[in-house]
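This briefing goes through selected strands, helices and single residues of one protein model. The points are grouped by topic.

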Amino acid sequence: MTQQGDSPEFFAQGERVGVLTAQPLDRLLDYRAPEGGCFLGAFVEVPLGPRKVVGVVWGPGAGDFDAAKLRSVIRVLDLAPMRAEMRSFLERAAQYTLTPMSMMLRLATRAPGLADPPSMRKVLRRGAGEPDRMTDARAKVLDVMDEYEGAAFTASELSGLAGVTSSVIKGLVKQGAIREEEAPRDLPFPPLDPELPGKTLSEDQAAAAAALEAGVNGGRYGTTLLKGVTGSGKTEVYLEAVAACLRKGRQALVLLPEIALTAEFLKRVEARFGAVPAEWHSGVTMTERRRVWRMVGQGAAQLVIGARSSLYLPFRDLGLIIVDEEHDTSYKQEEGVLYNARDLAVWRASLCQAQVVLASATPSLETWANAEAGKYQRLDLTSRFGESVLPEMRAIDMRSEELLPSTWISPTLKHAMKLRLERGEQSLLFLNRRGFAPVTICRACGTQVACDNCDARMVEHRFMKRLMCHQCGETKPVPTECPSCKVEGKMAPVGPGIERLGEEAAALFPEARIAVLSSDLFGSARALKQRIEEIAAGEADIILGTQLVAKGHNFPLLTLVGVIDADLGLQGSDLRAAERTFQLMRQVAGRAGRAERRGEALMQSFQPEHPVIRAILSGDEESFWRAEAEQRQAAGVPPYGRMAGIILSGTDLAQVFDLGGALARNDGPLRQVGAQLFGPAPAPIARVRGRHRVRLLVKADKGVPLQDAITRWTAPFKLRGDLRLNVDIDPQNFL
């Protein structure tokens with residue numbers, strides 16, 4: 001689709017232009033340039049059938065459409081044109097991920113009301129008054145406003161979030177509980193001051209900060225791995241790189257893996273630069289998303305803190321991208337456009353001469369290998385910031401522990417927790433399983449309760465009093481009789497989830513204040529962030545958490561981490577199982593002892609002699625990475641080879657397998673480049689939302705043009721009915 005090399009920068013009125021829209025079409029659409037003409041990259045409104053849609057002028061028209069029938073662009077929108085580097089980025093990402101350009105443009109225009117002209121509008125904020133009579137509906141509205149801490153809402157947005165009618169909101173306005181005011185639709189963000197003093201850095205932190213600043217000041221592309229042990233002050237170091245970027249008048253982007261991390265992080269940014277930056281993630285209002293999108297394009301937002309999708313914002317002059325916790329699997333988008341934000345961040349930076357900082361205590365093997373090969377610079381922080389020191393790590397051999405039936409906290413771990421309670425310190429119990437119990441089984445016939453729409457066992461969530469499928473979200477009541485043999489009173493939960501562990505902890509320590517941190521226990525991201533702040537302030541004695549707690553949280557009173565099942569991630573055939581277990585255990589252990597008190601991490605394991613467990617305990621990370629790299633290299637798998645997952649799905653299992661078989665029999669384009677094809681085979685979770693899933697796996701050498709071969713291989717197959725074929729380049733999981 002690239003036409004930019006020989007495209008004019010301006011199209012006069014009446015000239016043919018090729019417009020890319022976010023509609024599911026596989027080509028540019030020809031239109032005539034409007035009165036006054038339009039620039040390459042201009043955002044325009046065009047007619048498409050009876051509708052008006054937003055598009056981008058992508059180049060000259062193809063000229064293969066009858067000129068007499070050509071319709072005109074309706075108008076050029078009052079938005080900064082899409083820059084050439086952004087158009088190149090979308091094209092390159094589309095080619096790499098084998099994604100239609102219309103879907104890429106949809107990612108780059110995910111803000112409401114882009115076609116609306118700048119204007120004033122009525123917004124609602126929390127007023128000083130209280131309603132004369134509180135109803136459930138009014139309470140819901142005020143709870144939403146309090147939850148968003150002073151944010152402005154449109155009336156429709158507030159009624160939607162609270163689930164009430166507009167009359168409820170009008171009544172609150174009349175009584176002064178909500179105030180109505182006129183405000184510009186989109187305001188610039190307050191300026192950040194890079195000259196404000198940062199924290200005093202240690203010698204190795206200052207050296208790392210100076211190296212990052214030099215890269216930013218050079219004005220050229222470069223990627224740096226900032227590797228530092230947990231609590232080593234990586235954030236303070238890369239904020240100095242942000243300061244250098246702001247001094248040059250360029251924009252910066254910080255990607256975070258978890259929305260719940262933003263509250264604490266925003267406070268640190270505000271303390272460093274004197275103002276709050278822009279936020280972009282699912283936890284901000286749609287009104288704010290529109291403002292951020294527009295201000296980023298105008299250069300009126302200097303710094304954005306965001307989730308992976310913020311990579312597609314229309315930065316005017318992007319000079320620095322930070323990918324914090326770069327190893328985190330949440331940077332991989334697993335639905336729709338399948339991409340890894342870490343990798344695309346490097347690409348985007350290379351196109352706009354920006355620096356990338358990949359920060360982690362436990363980097364991905366891909367990043368570690370690129371640093372070893374000299375493609376990335378590497379900076380190491382080897383000691384913790386301030387007075388804190390790394391926690392002591394030990395394994396608890398569960399084969400020698402005496403546990404009562406249906407209990408999971410060992411006597412050794414219980415004793416360590418008791419000591420912390422006596423000292424007024426916090427303990428954290430980690431179990432990477434949401435819900436109460438992963439399996440509900442009939443003790444009469446052995447039936448396990450499964451989802452009706454997926455080949456997955458349903459997880460009991462006791463706080464909801466329901467079973468839930470973690471694949472499709474379907475729920476059903478906990479049955480009192482077996483759905484198979486119909487026997488009453490024999491249904492039993494099997495195995496621990498985080499909620500069940502909470503019951504056990506409460507029984508062992510009835511006087512303790514217990515907090516459970518799991519993403520499904522909170523109705524909103526802001527409620528989760530508030531709870532994390534309360535825990536950090538000391539409002540809990542024992543914290544129980546899933547993978548969520550491993551992601552960079554700082555609890556000053558936390559001195560003990562207990563891992564309930566350190567062996568859990570070592571099961572299965574995932575090629576990244578060892579790497580992920582190593583990263584997760586090291587990250588979780590790193591939550592302990594981040595202030596002046598020494599921390600301890602205890603890992604319950606039935607196989608403490610396992611090489612991964614021994615590597616975690618020894619702390620010899622480089623030996624672990626080298627051994628893991630040797631195994632991957634010998635097998636020819638990423639990062640030393642290439643892989644692609646082909647996921648076929650449909651409601652008719654025979655049709656899905658027929659398509660898989662036909663693909664396997666006609667794999668000539670793959671064999672031409674030396675690629676191997678495995679499958680078809682049922683996916684590990686073979687049915688999701690009523691759709692049967694079959695997988696094929698393509699494996700190739702590092703330098704093979706895999707995308708081109710896959711395109712030629714799949715092109716002859718026309719999908720009929722509800723058959724779907726998705727390609728996942730560099731798959732991160734194989735479910």
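Threonine 21 is a residue of strand E2. The model is a predicted one, and the values below are computed from it. With a relative accessibility of 3%, threonine 21 falls under the 20% limit and therefore counts as buried.

- Beyond the neighbours within four places in sequence, threonine 21 is in contact with Leu29, Val46, Val53, Val54, Gly55, Ser102 and Leu105.
- A polar atom of the threonine 21 side chain lies 3.2 Å from the backbone nitrogen of glutamine 23.
- Methionine 104 is 83 residues away from threonine 21 along the chain, and their C-alpha atoms are separated by 9.9 Å.

**The open antiparallel sheet**

- The sheet that includes E2 is open and has five strands, in the order E3-E2-E6-E5-E7, with antiparallel pairing.
- Strand E3 (29–32) and strand E7 (75–76) are at the edges with a single partner strand each, so one side of each has no neighbour in the sheet.
- Strand E2 (residues 16–21) pairs with E3 over four bridges in the antiparallel sense.
- Glycine 18 has aspartate 30 in E3 as its bridge partner.
- Packed on this sheet is helix H2 (residues 101–108), which touches E2 and strand E6 (51–60). The direction of H2 makes about 70 degrees with that of E2.

**Helices H3 and H4**

- Helix H3 (residues 136–147) and helix H4 (residues 155–162) have axes that come within 9 Å and cross at roughly 110 degrees.
- Angles of 65 to 115 degrees count as roughly perpendicular, so H3 is roughly perpendicular to H4.
- On the H3 side the contact is made by Lys140, Val141, Val144 and Met145, and on the H4 side by Leu158, Leu161 and Ala162.
- Of the residues in this contact of H3 with H4, six are nonpolar, none is polar and one is charged.

**Strand E13 and its parallel partners**

- Strand E13 (residues 303–306) points Leu303 and Ile305 one way and Val304 and Gly306 the other way, and all are buried.
- Strand E11 (residues 251–255) pairs with E13 in the parallel sense, over four bridges. In this pairing alanine 252 stands opposite leucine 303.
- Strand E12 (residues 278–280) also pairs with E13 in the parallel sense, over three bridges. Here alanine 278 is opposite valine 304.

- Strand E15 (residues 355–360) has six of its six residues buried, so the strand is largely enclosed by the rest of the structure.
- Gln355, Val357 and Ala359 point one way from E15, while Val356, Leu358 and Ser360 point the other way.

**Aspartate 667**

- Aspartate 667 sits in the loop between helix H18 (653–665) and helix H19 (668–672).
- The relative accessible area of aspartate 667 is 13%, and the residue is buried.
- The side chains of aspartate 667 and arginine 671 make a polar contact at 2.8 Å.
- Apart from neighbours within four places in sequence, aspartate 667 is in contact with Leu677 and Trp713.

How values were computed: Residues numbered from 1 in each chain as written. Predicted model: local features only at pLDDT ≥ 70, side-chain atom pairs only at ≥ 80, totals over all residues. Heavy atoms only, no water. Pairing = 2+ DSSP bridges. Helix = DSSP H or I, 4+ residues; strand = E, 2+ residues; numbered from the N terminus. Contact = heavy atoms within 4.5 Å. Axes fitted to C-alpha atoms, helices over the stretch in contact; angles between N-to-C directions. Parallel < 35°, antiparallel > 145°, perpendicular 65-115°, else oblique. Nonpolar A, V, L, I, M, F, W, Y, C, P; charged D, E, K, R; others polar. Buried < 20%, exposed > 50% of the residue type's maximum accessible area, 1.4 Å probe, protein only. Polar contact = N/O pair within 3.5 Å; in protein donor to acceptor, adjacent residues only side chain to side chain.
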